Amino acid sequence: MKFQQLINIFWSRKRIFLSVFMMTVITTLFVSILLPKQYVATTSVVVDQRNVDPVTGLNSPVSQLLPSYVATQVDVIKSHNVARKVLEKLELSKLKLSDNQQMKKDFPQLEKDFPDLQKKFVKAGGIGDIRDWVADLLLEKLEVKPSRESNMIQFDFASSDPQLAADIANAFADAYIQTSVELRAQPAKITADWFDSQMASLREYLEHAQSVLSTYQQQEGIVDGSDRLDIEKTRLVDLSRQLVEIQSRTNELKSRKDLLASILKQGGSFESLQEVLDSKLIQELKTELAVREAHFAEISQKFKKGNPQYNQAEAQVTSLKKEIQSAVLMVLNSINSMVTSSKQRDDMIAKALAEQKAKVLDLKKKHDQIAVLSREVESAQRTYDEVMHRAIQTRMESELSQTDISILNSAYPPQKAAKPKVLLNMILSIFLGGVLGVGAALLSELMDRRVRSAFDVSEMLGIPVFAVVSAPVAKENRMLWRFNLDKIEQRLNLFIRRINESKSI
């Protein structure tokens, strides 16, 4: 369909178009006037971003900056829990399904916004508590607007009563803050109760570990295992050192003994032995022997053998030599005794060393056992202290009455009604009326199609149009004349006729 045909249709169906258009506009105007006035009260809250834990004083994660945090807060505000708290704050918690007249008397503030509340509740099924149903009605009239550039959240509540709108908006803000505190304290309370239940078992475990350690120390007689172990280790080191020294001395004595035995077996001289050289008795006997041998040499030059002086001097020399040999034998015997004594001492120290080593090993084993038990006690004590610290902290958090949300602006009774918006409704009705008018004109044309121009004839019948005979000009329309529209109509008819003629030619 061409634009010219549309113009012909609209012009021909202009009465239908105008009727629908005017009906829409007038209906909208009457409805806007008759609708009850709605007053919108607004309150706003601000979510703080300091992120400082009031109990620990530490900075919390910056969760408030996340968009999901603000979206969560909006869901909390529009929750049924908050709406029930609003009923309690407005003293509507006593609302019951009773006589309708009595309810109007008890709660007159609800009759303006929710007339015949009892009947509607019964009509809706009457299932459950009427306070829950009223809470859902309050949520339907609540509008929450979070700010995109800040952490401010705005509450709008619409009511026919300005004072009631302000009261409910402020009640929603207070209920939201109260719910926020509860949501923050409730998990902490549950956690604190859990910590309390865990502390009893941890305390029992700590006492058991301490009892096991104390019993073991009493059984073994060890108060401080580390000091005693150090003492025993020092004693073991001393015995080991003494054993090494004694064994070295024994080996040295055995070497000397073997050397004396070899000299004795070969018939050699013992004069060069260190023990002989160190013997004071032998050296004195040797000195006296030298004197006696010198005296014997002088006597032998003066007297012959058989002389009493000669025999006496010779006997003295012989006696000294025997004493020297006896002294040497005594030295040899003393070395043998020393070797024997040294071996006995070696065995004694080696035995003592073995016993001390076993004692140190046993003490070290007990010390290790005490260390294991002590670590269990320390671990149990550390765990108990940490749990007790967390229990105290969570208990304090569960008793917090503060929140990071504060009211920025409280709602006050609005002076002007926000709804209905007559001017906006009229603009919308003009647009809607135009659309409906066009639709009605096209629908009527489709139901009653007519030939309105030479183009329609050529298109519908397929016959060329050679000439158009104009109809006589219609009589003056008095109604149009009265509104000074007759001339406009004539000129438009002439203009359309000329367009049709030019298209047909």
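Q: How many residues apart are Arg 241 and Glu 245 in helix α10, and what separation is that in helical turns?
A: In this predicted model, Arg 241 and Glu 245 are 4 residues apart in helix α10, so they are separated by about one helical turn.

Q: Why is the contact of Arg 241 and Glu 245 called a salt bridge?
A: The N to O distance between their side chains is 3.4 Å. The cut-off is within 4 Å, for a nitrogen of Lys or Arg and a carboxyl oxygen of Asp or Glu, so the pair counts as a salt bridge.

Q: What makes Arg 249 and Glu 252 a salt bridge?
A: Their closest N and O atoms are 3.9 Å apart. That value is within 4 Å, so the pair qualifies. Both residues lie in helix α10, 3 residues apart.

Q: Why is Lys 359 called partly exposed?
A: Its relative accessible area is 37%. Buried is under 20% and exposed is over 50%, so Lys 359 falls in between.

Q: How do you know that the salt bridge of Lys 359 with Glu 232 ties together parts that are apart in sequence?
A: The closest N and O atoms of Lys 359 and Glu 232 are 3.6 Å apart, within 4 Å, so they form a salt bridge. Lys 359 lies in helix α13 and Glu 232 in helix α10, so the pair ties together parts that are 127 residues apart in sequence.

Conventions
Residues are numbered from 1 along each chain as its sequence is written. This is a predicted model: local features need pLDDT of at least 70, side-chain atom pairs count only at pLDDT 80 or more; totals for chains, interfaces and linings use all residues. Side-chain values use heavy atoms; hydrogens and water are left out. Helices (H or I, at least four residues) and strands (E, at least two) are DSSP runs, numbered from the N terminus. Buried means under 20% relative accessible area, exposed over 50%, partly exposed in between (1.4 Å probe, protein chains only).
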